[in-house]
Amino acid sequence: MNVSFTMAGGLAERVDQIFVTLDHWAVAHTPGPLQWLVQILLIVVPILAVFPGLFALTTVLERKGLGRIQNRYGPNRVGPYGLLQPVADGLKALTKEDLVPRTADGVVHYLAPLVIVVTAFLVYAVLPVGRNMTAVHLNAGLLFFFAIGSATELAVFMAGWSSRNKYSLLGAMRAIAQMISYEVPLILSTIAVIMIAGTLAPEKIVLAQASYTGIFPHWYVFTPWGFAGFLLFMTAAAAETNRSPFDLPEGESEIIAGYIVEYSGFKFALFFLAEYLEIFAVSGLGITLFLGGWSAPLSFLAVIPSWIWFFAKLMVMICTFIWVRGTLPRLRMDQLMNFAWKFMLPMALVDMVCAGVWRFLPGGALWSVLRWVICTVIVVVPYVALARGLQMGKKVEQRVYRYAEEG
Amino acid sequence: MLGEGIVKGLFETARNFLGSYVDKDRLVTVQYPEERHPLPEAARNFPFLLYDGDDPEAGLRCVSCHICEKECPPRCIYIEKSTDKKPDFVGKPQFYPARFDIDVSVCMSCQICVEVCPFDAIRMDKEFELSTDDRFGGLMWTKKELSKPNEYYQKIHPVEAAETDARRAEDVEKAKAKAAAAAAAKAAEVAKAAEAARADDEGAGKEPSKG
Amino acid sequence: MSRDLMMDATGNDERLAPTYGAGQHRLKAERESQILEVSIGPQHPSTHGVFRMDVKLDGERVVQLKPVFGYLHRNHEKIAENGSYLAAIPYTDRLDYLCSMTNNWGYTLAVETLAGITVPERAEYIRVIMAELTRFQNHAGLVGFLLQDMGASGTPLMYAFREREKILDLFEAVSGARMMCNYLRFGGVRVDCTPEWMKETRELVGVLPRFVDEFERLLRGNEILMARTQGVGVLPRELAVNAGVTGPMLRATGVNYDIRKVDRYGIYDRFKFRVPLGEHGDVYDRYMMRVLEMRESISILEQALKEIPEGPVQDPKTKLRGLRPKAGEAYGRIESPKGELGFYLISDGTMNPYRYRVRSPCLINLTILEDMCLGQSVADVVVTLGSVDIVMGEVDR
Amino acid sequence: MSAPELGAVGVDLSADALRALLVAAIEGCSVTVVENESPSGQRSLVLDHEHAVEAAIFLRDNSELRLDFCSNVTGVDWPDREVTEKVKVKKMVEGLEGATEQEVEETRKTLAPGYLEAVYHLFSMEKKHGPVILRLRTRDRAEGNHLPSLTPVWRSAEFQEREAFDLFGIVFDGHPDLRRILMWDEFADYPMRKDYVSPAEDEPVLDDGCLPGAEPGAEQGAADA
């Protein structure tokens, strides 16, 4: 424990570290041979409790938020303000008949939702949700995150293949193509952060951003490369987790539900859960990398416990996802691929260059202004050029229409 | 192509999100069982039969003329004519329906029966909360279920009902006047006849005294 | 790509095949084994009802598409032939169940042509008001559904339905029903509109432009929408004319043919409105046609509401019940929101029409669905179908 | 509706003028005009089978007419009907004074053969005029139900001719894809014909027997138990 308890922030610190302290206390009061078990349980159980709870909250938040965006009320009948809606949904999913197509590959069909949920939970191991609140301290935490995260592709393809449905197969093919393509810009956009922070451990990346100039924090998002990287990361994350406008694998209006078309009842709920868990995880990673993780946005707000900040930021991210979902139509497969390889990938590389320039330009009053200008130019010019290049060959523009002459 | 259209769209949805909390024009949803839209006067759902007074049997306006049965586009009305007659609102003896059924599972609420009825006997109801836990029963509405008093009509379609009532009152007046005139004429005739009868003892009693 | 466009000639006479010729051209896949046969529909989220497309796919590329209909077939024409002239009106409501007012108008216009019935002035104005309100709500709904097909989570659809709700309230207030209005009669309309109704309509027409603006801000410049729709589902002009495509879909290809202008039925020659024309004939043009026509509808509504005279709304000489037109035939057509809605009636002098035929724009606009979709991906098929604007009630009749 | 005689650019679209044009342009083409007594005054032209496609191409491509838009295609069924007419015949009548030749009025019943008819409503998108109405008549309602297809001329006839085939049983020779369109493929009859008898409405439905207590004797069994 390298946290220094200062007199002034004593109470705040104690509240901040309350879960850590409780954990230590519980482990300390367990008989020696069982300590390893309690230690594991105290890591696993909170994750299994908190994030599915957040999932339940998010489903109702999403439905209400979308509702308000669309000028409706959203669910408001079950419980106060419709807050118990997820309970009703869960009960419904549990009591529904579990249908397996006769021609489906039974074992794989059964395993797919389990695999996807397990991998979705595993990535939380390296996510710092508060000061000293990382489940497993891994030096190569980011690598672990991406390695495990890409295992969901396996589950998706298992689901799509084993269902033996043409729509499932189309959905699975779309999903594989999309996830593999977007993993590249997703990982590349984090490299800029790794270069600057010089570490792969998420908690150290947070600590690198947890200092302040005056009252303003040193978050990476407030630099040109960081801002671009953040946008790239979140776009790729939306694609990676099949969120709108990249929800092609499920593309309801085209291939009905994609790879989950043959799932019903609780298995469907598991897919749903996994999807949201991935969103939380990848948003959490985005927060860790670019938004200062659990650190407070203004220095004097540090009295509020760090884990509250983490979840507050997470909620903001989720709300943004909902907002985007309520606004944008879906891309088409070839456009999606074009976007990944012709825009996202070059931009991620440019962002790396930008980060490198930022890193090696000297500090100082004049230089810091100059550094800002140079790096902004490095990011904006390719952005405009690439965005123009995306419509190469095809003229995509707003059109002006004529009217028939009066006759 | 720089994403400004997307940003514009995001602002529009944000405006709508916030607007739905303040602008009644945006949030048009009505929380149905607790609050309800007032139905417009013209609203229609399923037909019902009108009767005057308190007795649905005696006051039923329908004279079993079968016009609505023939004109009904989905043919969901079934009428059986009575064998005897009963007096209608102006006192003229008329047939009445021994049976008047509407199959509401077939009825398409088109109001053609109301339009073609020359006797103001059938009108459209506004009641729409008709669901029951009985899936197959209760879909054939009989005369008993269909008959509703004029007061009910006045309640749900006040303007229309006022017009109809005025017209019918006029008819009654006319009929009364006619009856009075006829009675006067008859009385004169009777007097004349009586005078004549006095001569040869032939009565005019065979003719009905009332028209 | 080594796939080539295989064109089968329909005959030796080249005059016979000015266009593709009745769905004869199909893309050939490299290997037959790559073909994936998918039946899109009849139960599919974006086939707009019980419509089915037998699609052959090579990857996600369409190499063959056969529309299959009839799931909602109820032989509307036979039903109408068995009933009287009046009894057919409520059935026309159920053709294109989003636009019952214009359906009524098409039918009453045919009967009026057949029997030589004149319509009072006020009724003509009311008809125009109703038809343009219908057009507005149909087009708004279409844009919503199109975006829904594109995967926009229903936001534009909900905005469209929000305004549609207000228009339907107006319909309900005057006709008694929101969708199945059954309002127009040959020789006029069923009941007169009250002054309060007129006032409400004027108020609504005043706020409708705001709604179109909102739509435009939300959608018009959206890059994803443009990328998804421009150059997708292109319909060549000659093919459109030859295949009898009508309505906004035809005008999106640049053909100036609006029956309101051509036939000047009703009193449409009294109003000033413009006919927007497209250039490319793709989905984006079709979408924009609808948006622009919504604005023109508002302008017609404003004029009609200003000029509407007092007077009777039903021709007193016309017998509604038991109409017996002279033996003969008539074809009456109007510009419904979806295209040319025609009614062909043959009378043999009795109370029932001898032949009653609906020329449904939806069905005929689907003729060229395959031509528009070949070589495109499944996602484009859905969007293209959405831009055709079909209602199964009218396709299957 | 403008009367068909009033073409937008002054082209004479009356049935007689068109008939003259067609007869002049196509050798051997026989065209008859069908009168229309109703106020609509929309008269139509009956084309013969052999020259129908030629005539259609002429109507479509003629630079004056340019009837490029075939709006409506439909079938009409005219069943066999008995024509009762009163004719005066000279006949030997056995009278009181023996047989004499006399003019006697007599009702004679003849069976006018029915036919199926395809009606095409043509308009011009270029010239903005119309309608011109074409009719094609089959020989009879049984085997002779063949007509030349005009789909190769106007693509818009594709689905509508299929519909006429489906509902009336008119076989269009030369149609590229003549299948049933609205009824299912196994359906045998032609529902829009006047002599079609629809099947009884109370056919068994799927619900029968699925509902608890709906099967016959269920109540009985419960009572026994």
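Student: In this predicted model, how many of the 16 residues of H3(C) are buried?

Tutor: The model is a predicted one. A residue counts as buried when its relative accessible area is under 20%. By that criterion H3(C) is mostly covered, and the number of its buried residues is 15.

Student: What distance separates the end C-alpha atoms of helix H3 of chain C?

Tutor: Helix H3 of chain C runs over residues 100-115 and has 16 residues.

Student: Which residue follows H3(C), and what is its phi?

Tutor: The residue that follows H3(C) is C:Gly116. Its phi is positive, near 65°.

Student: Between which two chains are the most contacts found?

Tutor: Five pairs of chains touch. Chain A and chain D are not joined by any contact, their closest C-alpha atoms lying 11 Å apart. Among the pairs that touch, the most contacts are between chains C and D.

Student: How much area do chain C and chain D bury between them?

Tutor: Chain C brings 58 residues to the contact and chain D brings 54 residues. Carbon and sulfur atoms account for 56% of the buried area, which is about 4600 Å².

Student: How many salt bridges are counted between chain C and chain D, and which residue of chain D pairs with C:Glu81?

Tutor: Side chains of opposite charge can pair when their charged atoms come close. Between chain C and chain D the count is six salt bridges. In the salt bridge of C:Glu81, the closest N and O atoms are 3.2 Å apart, and the partner is D:Lys194.

Student: Which element gives the most residues to the side of chain C that touches chain D?

Tutor: The interface of chain C and chain D also holds 28 residue pairs in polar contact, both residues at pLDDT 80 or more. On the side of chain C that touches chain D, the greatest contribution is six residues, and it comes from strand S9 (residues 328-336) of chain C.

Student: How do the residues on that side of chain C divide into nonpolar, polar and charged?

Tutor: The side in question is the one with which chain C touches chain D. Its residues divide into 26 nonpolar, 15 polar and 17 charged.

Student: Is D:His51 buried or exposed?

Tutor: D:His51 is placed in the loop between strand S2 (44-47) and helix H2 (52-61) of chain D. A polar atom of its side chain lies 3.2 Å from the backbone oxygen of D:Glu27. Because its relative accessibility is 19%, D:His51 counts as buried.

Student: What pattern of helices and strands does chain D follow along the sequence?

Tutor: Chain D contains four helices and nine strands. Of its 225 residues, 45% are buried. Read along the sequence, the pattern is α-β-β-α-β-β-β-β-β-β-α-β-α.

Student: Which three residues supply 37% of the area that chain A buries against chain B?

Tutor: The contact takes 19 residues from chain A and 20 residues from chain B. The area buried between chain A and chain B is about 1800 Å², with 59% given by carbon and sulfur atoms. On the part of chain A, more is supplied than by any other three residues by A:Arg68, A:Asn71 and A:Tyr73.

Student: Which residue of chain A forms a salt bridge with B:Glu34?

Tutor: Across the interface of chain A and chain B there is one salt bridge. The closest N and O atoms of the pair formed by B:Glu34 are 3.1 Å apart, and the partner is A:Arg77.

Student: How far apart in sequence are the parts tied together by A:Glu62 and A:Arg325?

Tutor: The side chains of A:Glu62 and A:Arg325 meet in a salt bridge at 2.7 Å, N to O. A:Glu62 lies in helix H3 (residues 35-69) of chain A and A:Arg325 in helix H13 (residues 306-327) of chain A, so the separation of the parts tied together is 263 residues.

Terms used
Residues are numbered from 1 along each chain as its sequence is written. Chains are lettered from A and ligands numbered from 1 in the order in which they are written. This is a predicted model: local features need pLDDT of at least 70, side-chain atom pairs count only at pLDDT 80 or more; totals for chains, interfaces and linings use all residues. Side-chain values use heavy atoms; hydrogens and water are left out. Contact means heavy atoms within 4.5 Å. A salt bridge is a side-chain nitrogen of Lys or Arg within 4 Å of a carboxyl oxygen of Asp or Glu. Helices (H or I, at least four residues) and strands (E, at least two) are DSSP runs, numbered from the N terminus. The expected span of a helix is 1.5 Å times one less than its number of residues. Buried means under 20% relative accessible area, exposed over 50%, partly exposed in between (1.4 Å probe, protein chains only). Buried area is the accessible area (1.4 Å probe) that two parts lose on being put together, summed over both. A polar contact is a pair of N or O atoms within 3.5 Å; within protein, one must be able to donate a hydrogen and the other to accept it, and residues adjacent in sequence count only if both atoms are side-chain atoms. Ala, Val, Leu, Ile, Met, Phe, Trp, Tyr, Cys and Pro count as nonpolar, Asp, Glu, Lys and Arg as charged, and the others, Gly among them, as polar.
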